Each structure stands twice: as structure tokens, then as C-alpha cells.
Amino acid sequence: MNPYQLNAYAMALKAVGEIIQDYDSDKMFPALGFGAKLPPDGRISHEFALNGNPQNPYCNGIDGVMEAYYQSLKSVQLFGPTNFSPVINHVARYAASVKDGSQYFILLIITDGVISDMAQTKESIVNAACLPMSIIIVGVGPAEFDAMIELDGDEVRISSRGRYAERDIVQFVPFRDYIDRTGNHILSMARLAKDVLAEIPDQFLSYMRTRGIKPSPAPPPYTPPGHPLQTQI
């Protein structure tokens, strides 16, 4: 942690979060950590609430998530292994309960790229591919990201035990590709968000179309009081 500038995790969280939060009506986001020893007994967890409240892991807006993240860094001890499947299964449980098209879930994972439960994670992703959810992975740091590229499934559709994912739901980008040498973080973070979110619309539409879910009627256009209704073009 540096008091004067955001670390790479915080920059990625802010860049992507500030855009996708506009698609969420209540702006309450559950934030989970993985790969840490928790106080008071030092047990290792891969599915803990960043705000310290397992009954209510929701944070108010991206600013609330950032605050929970910084508080969590002060209280937990970062620790291996790095398991993805618990948080993927966590979101999948929610997505499995709302299949009528009224909600779509996006899991943003920010990680240093070392993954310890590759087989279980592949299994979780294949299972989640038939649910209304997408997974964004931002890889931070200098690690080799071969495993993350494999999870992305752009080149080869991801499979587990001979079963292929119904659709591609994972988008991976390495954070280091977006660090601007001139120090223009605003521009580079805009590029990061654009590339990270590029596949989400098609993933969303593919889920709805394959299930024959039609869009709800659009609300009537807003008209300021006292103005005649103009034809919408």
C-alpha cells in the first residue's frame, strides 16, 4: 500500500468497477477475498468477505469496495494457495437461482495469476457457462499468465472431464499491457475497461437468446413536465 497512489489491484478495480456499476440498480456489491489467513485464528480462506461481515458482504458502490479492500489488507495475511473455484461457485449459486433473465451476474477477479486449483476452476467455469453470468479476470504483476489465457477460452473452448462449456464466459486481460509509460493512467485505465468489457454484451445476449428470453418492454421516454411529447426517432 502506498498512501500517495493506487496499487495495481485498486486501479483495475476502479477502472472496471466504475463502468459496470452503472448497470446495477442498487450499487451494492458483494466483495470477496481469496488466498489469505484470517484473524483471529489464522485459518486460510478462499471465500471471505472483504468488509469482515460474512452475513452481509455487500459494499456501497465501488468506493465502498475500495474501502473494504484497504481495511482487509490491514487485517488479513496474504497466503497461498490461490484457489479460484470457491468464489466462482459462490457467484454461480446466486446466478442459478435467477434464470428468468431478470438478472445477469458479472464476477470480476483481480489476481496475480498463480492458480492452484486449475482442474476445479475449469469444472466451475464449465458448470457456470449455462448460468446468467460472465467472469472477468485481470492479471496483475509479472507472472506467466498461461493458465489465465487457457481459462479465457477464445482460442480453445474450455472443457472439464470431456465436457465443453456451453459458451465462452471468461475474458482475461493482463494489467501490465495497460500501464502507460507516460504516466497517463486515466487513458490507460479507459483502455483497460474497454477491452475487459468488450465481450460482455455478446455473452449476455447469447445467454438470453439461447433461452428465448425477450427483453422487457422499455420504460416510456422521460418527458420534462410541460413539454409536448416529441416523436422518438
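In the predicted model, V138 touches A12, L108, I109, I110, T111, F172, V173, F175 and V196 when residues up to four places away in sequence are not counted. V138 is also, together with F175, L192 and V196, among the residues with the most contacts inside the largest nonpolar core, a set of 33 residues. Two or more residues of this core are given by each of the elements α1 (8-20), β3 (36-38), α2 (61-75), β9 (133-139) and α6 (185-196), and the largest share, 7 residues, comes from α1. In soluble globular proteins, nonpolar side chains tend to be buried together.

The packing of two helices was examined next. Helix α3 (residues 85-96) packs against helix α4 (residues 118-128) at an angle of about 15 degrees, and the axes of the two helices lie 9 Å apart. Because angles under 35 degrees count as roughly parallel, α3 is described as roughly parallel to α4. The crossing of α3 and α4 is left-handed. On the side of α3 the contact is made by S85, I88 and N89, whereas α4 contributes Q120, T121, S124 and I125. By residue class, the contact of α3 with α4 comprises 2 nonpolar and 5 polar residues, with no charged residue taking part.

Conventions: Residues numbered from 1 in each chain as written. Predicted model: local features only at pLDDT ≥ 70, side-chain atom pairs only at ≥ 80, totals over all residues. Heavy atoms only, no water. Axes fitted to C-alpha atoms, helices over the stretch in contact; angles between N-to-C directions. Helix = DSSP H or I, 4+ residues; strand = E, 2+ residues; numbered from the N terminus. Parallel < 35°, antiparallel > 145°, perpendicular 65-115°, else oblique. Left-handed = near helix turned anticlockwise from the far one by under 90°. Contact = heavy atoms within 4.5 Å. Nonpolar A, V, L, I, M, F, W, Y, C, P; charged D, E, K, R; others polar. Core = buried A, V, L, I, M, F, W, Y, C linked by side-chain atoms within 4.5 Å. Buried < 20%, exposed > 50% of the residue type's maximum accessible area, 1.4 Å probe, protein only.
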